[in-house]
Amino acid sequence: MGMSVTISEAGGQDAEKILKLQYLCYQSEAELYGDYSIEPLTQTLDSITAELTTGSVLVARLGDEVVASVRGTVDPDGTARINKLIVHPRMQRHGLGGRLLEAIEHRLGAGGTAKCFQLFTGHRSEQNLQLYRKHGYAAVNTRHVNERLTLVTLAKEAVAGAYAAKV
């Protein structure tokens, strides 16, 4: 019988696992844009450890292995910012990214302070764009970073009362 994936709040002991998974997951993005100096590949362990205390960080586990992660914060104006949604390459295309996205929305929206959710991805990251659109996100802005990269910001409104804590 196979193990099932569980989603939970990340703890300090997960920081190094998240960093290693992030490094693995962002290789394809770096290749896609021809830029291996992107922030997810240069982020430090100390920086990830700090994120564990300043925002909400969720992990998906298969047994003891961290196979996916996502981070988010809520600004004072009610904008819930979701970032670094990563899924181990061998676990992609099985719905785990969508489950994690829904879980962070529930986590950030549970207090009722989130008025909208916002995230971004590169213009060539078609799988990411498809996932976000499937979950109700629409492009609200683009920002030309350089000749290789345009960031697409996507957003959706939070639904009042719809985010009872799941995780």
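**Note on pockets, cores and salt bridges in a predicted model**

1. The second largest pocket has a lining made up of Arg81, Ile82, Asn83, Gln118, Leu119, Phe120, Asn141, Arg143, Leu151 and Thr153. The term pocket refers here to a search on a 1 Å grid over the protein atoms alone, where a pocket is an open set of points with protein on both sides within 12 Å along at least five of seven lines, a 1.4 Å probe fitting at a point, and where lining residues have an atom within 4 Å of a point. This is a predicted model, in which local features need pLDDT of at least 70 and side-chain atom pairs count only at pLDDT 80 or more, while totals for chains, interfaces and linings use all residues. Residues are numbered from 1 along each chain as its sequence is written, and side-chain values use heavy atoms, with hydrogens and water left out.

2. The volume of this second largest pocket is about 160 Å³, a volume being the space filled by probe spheres set on grid points that are joined across faces, edges and corners. Strands S4, S5, S6 and S7 each contribute at least two residues to the lining of the second largest pocket; strands (E, at least two residues) and helices (H or I, at least four) are DSSP runs, numbered from the N terminus. The lining of the second largest pocket divides into 4 nonpolar, 4 polar and 2 charged residues, where Ala, Val, Leu, Ile, Met, Phe, Trp, Tyr, Cys and Pro count as nonpolar, Asp, Glu, Lys and Arg as charged, and the others, Gly among them, as polar.

3. The largest pocket has a volume of about 1100 Å³ and is lined by 43 residues, of which Glu29, Leu85, Thr121, Asn128 and Tyr132 lie nearest its centre. At least two lining residues of the largest pocket come from each of H1, H2, H3, S4, helix H5 (96-109), strand S5 (116-122) and helix H6 (126-134), and H6 gives the most, with 7 residues. In the lining of the largest pocket, 21 residues are nonpolar, 15 polar and 7 charged.

4. The largest nonpolar core holds 28 residues, and Ala60, Ile82, Leu96, Leu100, Leu101, Phe117 and Tyr137 touch the most other members. Such a core is a set of buried Ala, Val, Leu, Ile, Met, Phe, Trp, Tyr and Cys residues joined through side-chain atoms within 4.5 Å, and buried means under 20% relative accessible area, exposed over 50% and partly exposed in between (1.4 Å probe, protein chains only). The largest share of this core, 6 residues, comes from H5. A second, separate core of 15 residues includes Tyr26, Ala30, Ile38 and Val66.

5. What does Leu101 touch, leaving aside residues up to four places away in sequence? Its contacts (heavy atoms within 4.5 Å) are with Ile82, Leu85, Leu119, Tyr132, His135 and Tyr137.

6. The whole structure contains 12 salt bridges, each being a side-chain nitrogen of Lys or Arg within 4 Å of a carboxyl oxygen of Asp or Glu. One of them joins the side chains of Asp14 and Arg61 at 2.8 Å, N to O. Asp14 lies in the loop between strand S1 (5-9) and helix H1 (15-25) and Arg61 in strand S2 (residues 56-62), so this pair ties together parts that are 47 residues apart in sequence. Asp14 is buried at 0% relative accessibility, and Arg61 is buried at 16%.

7. A salt bridge also joins Arg148 and Asp35, at 3.9 Å from N to O. Arg148 is in the loop between strand S6 (138-144) and strand S7 (150-157), and Asp35 is in the loop between helix H2 (27-33) and helix H3 (39-42), 113 residues apart. Arg148 is partly exposed, at 30% relative accessible area, whereas Asp35 is buried at 18%.

8. Lys84 forms a salt bridge with Glu51, with the closest N and O atoms 4.0 Å apart. Lys84 lies in strand S4 (residues 79-87) and Glu51 in helix H4 (residues 45-54), so the pair ties together parts that are 33 residues apart in sequence. Lys84 is buried at 12% relative accessibility, while Glu51 is partly exposed at 21%. Salt bridges that share partners join Glu39, Glu51, Arg71 and Lys84 into one network.

9. Two backbone angles deserve a look. Most residues other than glycine have a negative phi. Lys84, although not a glycine, has a positive phi of about 50°. Arg93, also a residue other than glycine, has a positive phi near 70°; Arg93 is in the loop between S4 and H5 and is exposed, with a relative accessible area of 62%.
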